[in-house]
Amino acid sequence: LEQAKYFEGQGCSRLHLIDLDSAFGRKDINTKTIQKIRENISIPIQLGGGIRDNKIAKKYFEIGINYLIIGSYAVKNVEDVIKLAETYKDRIYVALDVLNEAIMVNGWENKSPFTPVKLFKHYDKTNIRGYILTDIKNDGMLSGLDINIISSNIKLTSKKFIVGGGLKDIEDIKSLKKIYTPQLEGIIAGK
């Protein structure tokens with residue numbers, strides 16, 4: 001809660017919050033904390049991690065979470081997520097957690113049969129807001145964004161994109177500005 005307040009106080013326009021416990025199947029450990037954060041900051045929150053059915057998604061929308069990031073569930077249950085997006089238009093991001101061009105699921109532990117291109121075919125003409133592209137091999141490494149992965153994927157869809165995985169410094173942001181399109185909605189800053 002204090003960290004969330006700090007980010008808001010520093011001028012962040014949105015909080016990116018991932019429930020890693022839920023991503024690894026340990027549900028409801030952080031639900032009360034997530035609710036406290038929502039009640040105590042005014043900036044929008046995008047939440048991901050362990051959202052594996054529409055009931056969980058609805059619960060988070062009901063407590064005031066602005067956007068949901070859906071990964072494994074979006075890969076395994078495309079039709080359900082499309083229906084959810086009809087109810088919650090422009091509030092769902094599909095996670096593209098990419099490792100060697102494959103989308104990883106279940107807390108990045110398992111390789112899915114999908115690539116981003118295959119998911120674009122399912123979701124591009126739906127009411128999802130967009131995609132969150134995470135370059136797993138660079139995530140948390142402070143090694144710099146892979147601009148080629150970002151550039152090649154953003155060209156294949158008309159949906160919004162938030163990117164992450166390896167943000168190192170201001171030079172990364174300058175590199176992103178060189179490929180900027182209005183679709184590029186944001187960048188995730190972790191470490």
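Helix 8 gives the largest share of the lining of the second largest pocket, three residues, where helices (H or I, at least four residues) and strands (E, at least two) are DSSP runs numbered from the N terminus. This is a predicted model, in which local features need pLDDT of at least 70 and side-chain atom pairs count only at pLDDT 80 or more, while totals for chains, interfaces and linings use all residues. Residues are numbered from 1 along each chain as its sequence is written, and side-chain values use heavy atoms, with hydrogens and water left out.

The pocket has a volume of about 150 Å³, and its lining consists of Val98, Glu101, Thr115, Pro116, Val117, Ile149, Ser152, Asn153 and Leu156. Two or more of these residues come from each of helix 7 (116-123) and helix 8 (147-154). By class the lining has five nonpolar, three polar and one charged residues, with Ala, Val, Leu, Ile, Met, Phe, Trp, Tyr, Cys and Pro counted as nonpolar, Asp, Glu, Lys and Arg as charged, and the others, Gly among them, as polar. On a 1 Å grid over the protein atoms alone, a pocket is an open set of points with protein on both sides within 12 Å along at least five of seven lines, a cavity is a set where a 1.4 Å probe fits but cannot get out, and lining residues have an atom within 4 Å of a point. Grid points are joined across faces, edges and corners, and a volume is the space filled by probe spheres set on the points.

The structure holds one cavity of 30 Å³ or more, and about 40 Å³ of space lies in the largest cavity. Strand 7 (130-135), helix 8 and strand 8 (160-164) each supply at least two residues of its lining, which includes Leu133, Ile149 and Val163. The lining of this cavity divides into five nonpolar, two polar and two charged residues.
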